[in-house]
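Look at the model with charged side chains in mind.

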Amino acid sequence: MRPTLTAAATTALLLGTTAALASGEIWVTNEKDDTISVIDIATLEVVRTIETGERPRGITFSKDYSRVYICASDSDTVQVMDPVTGEILHDLPSGEDPEQFVLHPNDRHLYIANEDDAITTVVDTESRQVIAQIDVGIEPEGMAVSPDGKIAITTSETTNMAHWIDTETQTLFANTLVDSRPRHAEFIKDGTELWVSAEIGGTISVFNVEDQSEITKISFEVDGVHPDRVQPVGFEFTEGETHAYVALGPSNHVAVVNAETYEVEDYILVGRRVWHMDFSPDRSLVFTTNGVSGDVTVIDVAKREAIKSIKVGRFPWGAAMRPTE
C-alpha cells in the first residue's frame, strides 16, 4: 500500500523535515516470527508483513530491486522473493545455517556465511548452483565484498579473524586477527579500507586493504553503561562515507564515528539490543533493528536524534532499503 500525500505530508510536518517524503521502504527480518516487516519511509509505518522461512536474518536486494534474498537460517536455505508480490520464487542452496551474505557487484554470485559448518558458500543465483565452498574459521558471520569485486571477506566469531578471499580463484589469500567475536565488515573509500566490528572485544578494526595491515582500532565508551554491554555489531556509512553509524548491541545506543579521524562524535539512545540498520534513499534517516524491544528506531541523521520508534515483529535483526520510485 502506498502512502497518501496527506499522510506523508503530515509525517513530514511532525518531523520538521521534508526528508520523510523520500520514497522507499525498509525491509526488516524478524527472527522469532519468521516474517518480514515492511516500513514505508514516507509515513514511517509498517505497511506489510510477509511470511518467510524459519529464523530470517540476513537480507539484501538484487541491483535492480526485482528480487530480495533472505537468509532463512533454520530452514538452511536462502529464499528468493518477489518484493512486489511477496511470493517466494525459489530457494537457493546455501549450506547449513546461513546467517549473513553479500551479493557480488556482478549481481550474480552470493557469498554466504554458514555458521555451523565453518565455511563460506558461493552460489550462482542464475544457475542456482553452488560454485565454491571455502573453509574459514569457526562460526563465520560477517560478509563483505570490495567495490571492484576482487576480494570477499568472511569474519569468524570464534576464531576471531577476518578471512580474505580471492574471488577469482575462490581461495583464501590472507587471514587477519581482530578482537573477540567479529560480527560485521564493510569496505569504504573505494575499497582501500576494511572495517570489522568485534562484539565482545568492543572495537572496530580498520585495515589497509593493500597490505592487510591494521590502520587503527576504534573503541567505544557510553556514559552510564558497563563496558561489557558496549558491543559493536552492524554498521553503515552516511552519504560520502563521512561518518559511520555503529550499532552497539545491549548498550542500546548507536555511535557516530568520524570516518576520517576515527573519533567517536556522538552516541544516540535507541531500542533494546540494537543489531543492524539501513538508510533511507537520500540517507537522511537511518533505521535500526532492536532485537529485544521488537522495534525499529528512526534516527534523523542531520540532527543525530531518534525521532520515532516503530513496532515490528519479534526480534528484528536485518534491514535493507528498497526504493519505490
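**Charged pairs and a serine**

Glu25 counts as buried because its relative accessibility is 9%, buried meaning under 20% relative accessible area and exposed over 50%, with partly exposed in between (1.4 Å probe, protein chains only). This is a predicted model, in which local features need pLDDT of at least 70 and side-chain atom pairs count only at pLDDT 80 or more, while totals for chains, interfaces and linings use all residues. Residues are numbered from 1 along each chain as its sequence is written, and side-chain values use heavy atoms, with hydrogens and water left out.

Glu25 and Arg322 meet through their side chains in a salt bridge at 2.9 Å, N to O; the term requires a side-chain nitrogen of Lys or Arg within 4 Å of a carboxyl oxygen of Asp or Glu. This pair links distant parts of the chain, 297 residues apart: Arg322 is in strand β28 (residues 316-323) and Glu25 in strand β1 (residues 24-30). Strands are DSSP runs (E, at least two residues), numbered from the N terminus. Arg322 is also buried, at 12%.

The whole structure holds 21 salt bridges. Another joins Glu199 to Arg273 at 2.7 Å, N to O. Glu199 lies in the loop between β17 and β18 (203-208), and Arg273 in the loop between β23 and β24 (274-279). Both residues are buried, and both belong to a salt-bridge network that includes Arg57, Asp97 and Arg181.

Ser197 sits in strand β17 (residues 193-198) and counts as buried because its relative accessibility is 0%. Its side chain reaches the backbone oxygen of Val233 at 2.8 Å.

Definitions and conventions:
Helix = DSSP H or I, 4+ residues; strand = E, 2+ residues; numbered from the N terminus. Polar contact = N/O pair within 3.5 Å; in protein donor to acceptor, adjacent residues only side chain to side chain.
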